[in-house]
Amino acid sequence: MNDTHFYALISRMKYIGRWSLMRNSVPENIQEHSHMVAVLAHALGVIRRDVLGQDCDPEHLAAMALFHDASEILTGDMPTPIKYQNEEIMQAYKAVEDLAAEKLLAMLPEAMRPAYAELLTGDHAGDEYRLVKAADKLSALIKCMEERKAGNREFTSAEKATIAALHAMELPEAEYFMEHFLPAFELDLDELGIGE
């Protein structure tokens, strides 16, 4: 396998669509999604560090988020209702994601692989990953809100389920974001004060 193809393959994230079972007013790909998750993960890290006074590296969270769906370049985006239907499917899909991540790592020169190994194959149970997962869910919630605002009722159930999932995570950082920043996503451009 060629060890110089990693970045060319990463650039193809823009071709992998999300929400494939849903009618979208505005299509979203995993590159756009990963950027938003990185912005949100960074925000959650800043909230943890600067608002809640706990140790955190927001920049590392942003990097984790940028690559959190990189394996989907090779696997595609499996719809949530299928991906999380039962433990057996979840474990099988995790194994496929791990294999895809290993293939991506092999597309880097050996000296560079350690810098990306944790980002692509790291601990998915750790505390930092919980913040990235919350950012992932916040990104999904924002997508649902945007679709609702566009008059698309297709995302109504997903919006309710995502709100419930975020609250169930019991992360003060996510709760803070939802209380203080999420309401602005309901505003139009004039209400956001761009012209002031």
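Residues are numbered from 1 along each chain as its sequence is written, and side-chain values use heavy atoms, with hydrogens and water left out. As the model is predicted, local features need pLDDT of at least 70 and side-chain atom pairs count only at pLDDT 80 or more, whereas totals for chains, interfaces and linings use all residues.

A search of the whole structure gave 9 salt bridges, a salt bridge being a side-chain nitrogen of Lys or Arg within 4 Å of a carboxyl oxygen of Asp or Glu. One of them joins the side chains of Arg18 and Glu28, with an N to O distance of 3.0 Å. Arg18 and Glu28 both lie in the loop between helix H1 (6–10) and helix H2 (30–51), so this pair ties together parts that are 10 residues apart in sequence. Helices (H or I, at least four residues) and strands (E, at least two) are DSSP runs, numbered from the N terminus. Both Arg18 and Glu28 are buried; buried stands for under 20% relative accessible area, exposed for over 50%, and partly exposed for values in between (1.4 Å probe, protein chains only).

A salt bridge also links the side chains of Arg148 and Glu186, at 2.6 Å from N to O. This pair connects distant parts of the chain, 38 residues apart: Arg148 belongs to helix H8 (residues 127–149), and Glu186 to the segment after helix H10 (172–180). Arg148 is partly exposed, with a relative accessible area of 34%, and Glu186 is partly exposed at 34%.

Glu110 is exposed, at 60% relative accessible area, while Arg113 is partly exposed at 24%.

A surface patch of negative charge is made up of Asp55, Asp57, Glu59, Glu118 and Glu128. Patches consist of residues with over 30% relative accessible area and no salt bridge; like charges are joined within 9 Å, and nonpolar side chains (Val, Leu, Ile, Met, Phe, Trp, Tyr) within 5 Å. Accessible areas come from the Shrake-Rupley method with a 1.4 Å probe, and for residues only the protein chains shown count as cover. Lys and Arg count as positive and Asp and Glu as negative, without His and the chain ends; the place of a charge is NZ of Lys, CZ of Arg, CG of Asp or CD of Glu. Glu128 is located in helix H8 and is partly exposed, at 30% relative accessibility.

Helix H8 also contains Ser139, which is buried at a relative accessible area of 3%. Between the C-alpha atoms of Ser139 and Ala8 the distance is 25 Å, with 131 residues separating them in sequence.

The structure contains 8 aromatic pairs, and Phe6, Tyr7, Phe67 and Tyr116 form one aromatic cluster. Rings of Phe, Tyr and Trp (its six-membered ring) pair if their centres lie within 6.5 Å; planes under 30 degrees apart count as stacked, over 60 as edge-to-face and the rest as tilted.

Most residues other than glycine have a negative phi. Trp19, not a glycine, has a positive phi of about 55 degrees. Trp19 is in the loop between H1 and H2 and is buried, at 16% relative accessibility. Glu170 has a positive phi near 50 degrees; this residue lies in the loop between helix H9 (156–168) and H10 and is exposed, with a relative accessible area of 65%.
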